[in-house]
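Please keep the sequence and the three-dimensional view at hand while reading.

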Amino acid sequence: MSDRYDVVVAGAGPAGAQCARDLATRGYDVVVLETESEDGFPRQSNKSTAGTFPSMMSAFGIPDDVVMSYTDDVVLESPNSYYESYQPGAVLEFADFKRFLVADGRENGAEYRFDSRVSRPILDDDGVIEGVRYDGDEEVYAEVVVDATGPAAPIASALDVVDLERENQAIGIEYEMEGVEMNHPEYADLRRAMMLRLDHDIAPGGYSWIFATGEDTAKVGICYIQNDRHREFAEEGKTVDGYLEDWIERDPRFADAEQIGDTVHRGSAHIQMPDEMHTDRFLAIGDTVPTIDPLWGEGIHKGMKSARAAAATIDRCLTDSERRLDAESLAVYERLWHRDVAPRMRARLMLTRLLYLAPNERYDRFMEDLRRTDDDTLERANQGDKSAMAKLLHLDDLPLLAKFARERLGS
């Protein structure tokens, strides 16, 4: 078994597998190290709602047979209102999606080592990474190392590239359910929709969701950040599991619903501005950075884009006649990230702060604001367009905006 490659990727989630897929297609020797066993990897590591959009499917050549259902609408709910917007989407069978990425990468020459837990970087005499250790004393060397392990970030943390702050950590839990009343008279029709609900009584400091996967089946979950609003409304000692169970018990749409099997999907991500994303011979991608969409929690498309930006950067450096892999040369990745993966990130984080920290009555008003604006206002606001964001703001939002500005100056 070879112990030297062009690129070693730690983590076989969507970002890691896509990065390996892109590089293998370009003819590079790539090895991917994944903690899970090959048999258990796709199902046990299901940490995504797997809601995405057709643009991701087409951009990355994802086949239809990994899709559980296609949706037509995005629905936003508040405690007493809702807003519907036509926005085609796709809910993936996450396990099948990951299997496809791995299989396609292997077909193009990528090597996978499952049951391989990466522990720390191997450094040369100058302190520059030249490989990684895994499974205790196993070693593998490469021209470039990519950390795609998500919030665990064993390599990126050891190299002081990322600083994931606990107060910005979002945690989530999801069930797959059947018998859900997707067209309940009190709510919007969700039979072909992805729904997000802003309601501190259900998910203090976060949101809950119902993603249609069939006529009466859905992915149902909640996510919250341990922020000021969570501390205000959270019940002492109550876990994320407890909040999801309470919602299922109270919401009439789940009156006759049952969990499908006993599988529970769990995940976490960090909602914050990234620090650095690279150093000499090293790149961090996906949720290691972090890369998740701060407003709606969609991470697949962002992670895949970050993988492609990293692969393009590595290709550019390795095809250069001098094969320069120092931090300055790899800085192309950060420029691509801010331009193509998550543009206007700081403005979008401000809107995120307003959404998750606003009181429940502000959510009802938010639905009214959306109904009176143009259809594309929400989409443009989600992209960080300040003129669109201004249409959704009121004078009583100023204290939260001022607080965000003070925190930004303090940082």
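The model is predicted. Eight strands form an open sheet with mixed pairing. Helix H8 (residues 300-319) has a contact with helix H1 (residues 14-25) and another with helix H10 (residues 332-341). The count of cavities of 30 Å³ or more comes to one.

**The sheet**

- Strands of a sheet pair through backbone hydrogen bonds, in either a parallel or an antiparallel manner.
- The order of the strands in this open sheet is S3-S5-S4-S11-S12-S13-S10-S14.
- The edges are taken by strand S3 (51-52) and strand S14 (258-270); each has a single partner strand, so one side of each is left without a neighbour in the sheet.
- Strand S3 pairs with strand S5 (residues 82-92) in the antiparallel sense, over two bridges. Within this part of the sheet, Thr 52 stands opposite Ala 90 in S5.
- Strand S5 also pairs with strand S4 (residues 67-77); these strands run antiparallel and are joined by nine bridges. Val 74 has Ser 85 in S5 as its bridge partner.
- S4 and S5 form a hairpin, with four residues between them.
- Strand S11 (residues 193-197) and strand S12 (residues 206-212) run antiparallel and are joined by four bridges. Met 194 has Phe 211 in S12 as its bridge partner.

**The contact of H1 with H8**

- The axes of H1 and H8 come within 8 Å and cross at roughly 35°. This crossing is right-handed.
- On the H1 side, the contact is made by Pro 14, Ala 15, Gln 18, Cys 19, Asp 22 and Leu 23. The residues on the H8 side include Gly 303, Met 304, Ala 307 and Ile 314.
- By class, nine nonpolar, two polar and two charged residues take part in the contact of H1 with H8.

**The contact of H8 with H10**

- H8 and H10 pack at an angle of about 145°, and their axes are 9 Å apart. The crossing of H8 and H10 is right-handed.
- H8 contributes residues including Lys 302, Lys 305, Ser 306 and Arg 316 to this contact. From H10, the contact is made by Val 332, Tyr 333, Leu 336, Trp 337, Asp 340 and Val 341.
- The contact of H8 with H10 has seven nonpolar, two polar and four charged residues.

**The cavity**

- The largest cavity holds about 120 Å³ of space.
- Among the residues that line the largest cavity are Leu 351, Leu 354, Arg 362, Tyr 363, Phe 366 and Asp 397.
- Helix H11 (345-357) and helix H12 (360-372) are the elements that give two or more residues to this lining.
- The lining of the largest cavity has eight nonpolar and two charged residues, with no polar ones.

**Backbone details**

- Which residues are joined by a cis peptide bond? The bond lies between Val 289 and Pro 290, with an omega of about 5°. Pro 290 is in the loop between strand S16 (282-284) and H8.
- Asp 115 has a phi near 55°, a positive value in a residue other than glycine. Asp 115 is in the loop between strand S6 (111-113) and strand S7 (118-123).

Technical notes: Residues are numbered from 1 along each chain as its sequence is written. This is a predicted model: local features need pLDDT of at least 70, side-chain atom pairs count only at pLDDT 80 or more; totals for chains, interfaces and linings use all residues. Side-chain values use heavy atoms; hydrogens and water are left out. Axes are lines fitted to C-alpha atoms, for helices over the stretch in contact, and angles run from 0 to 180 degrees between N-to-C directions. A crossing is left-handed if the near helix is turned anticlockwise from the far one by less than a right angle, and right-handed if clockwise. Contact means heavy atoms within 4.5 Å. Ala, Val, Leu, Ile, Met, Phe, Trp, Tyr, Cys and Pro count as nonpolar, Asp, Glu, Lys and Arg as charged, and the others, Gly among them, as polar. Two strands pair if DSSP finds at least two bridges between them. On a 1 Å grid over the protein atoms alone, a cavity is a set of points where a 1.4 Å probe fits but cannot get out, and a pocket is an open set with protein on both sides within 12 Å along at least five of seven lines; lining residues have an atom within 4 Å of a point. Grid points are joined across faces, edges and corners, and a volume is the space filled by probe spheres set on the points.
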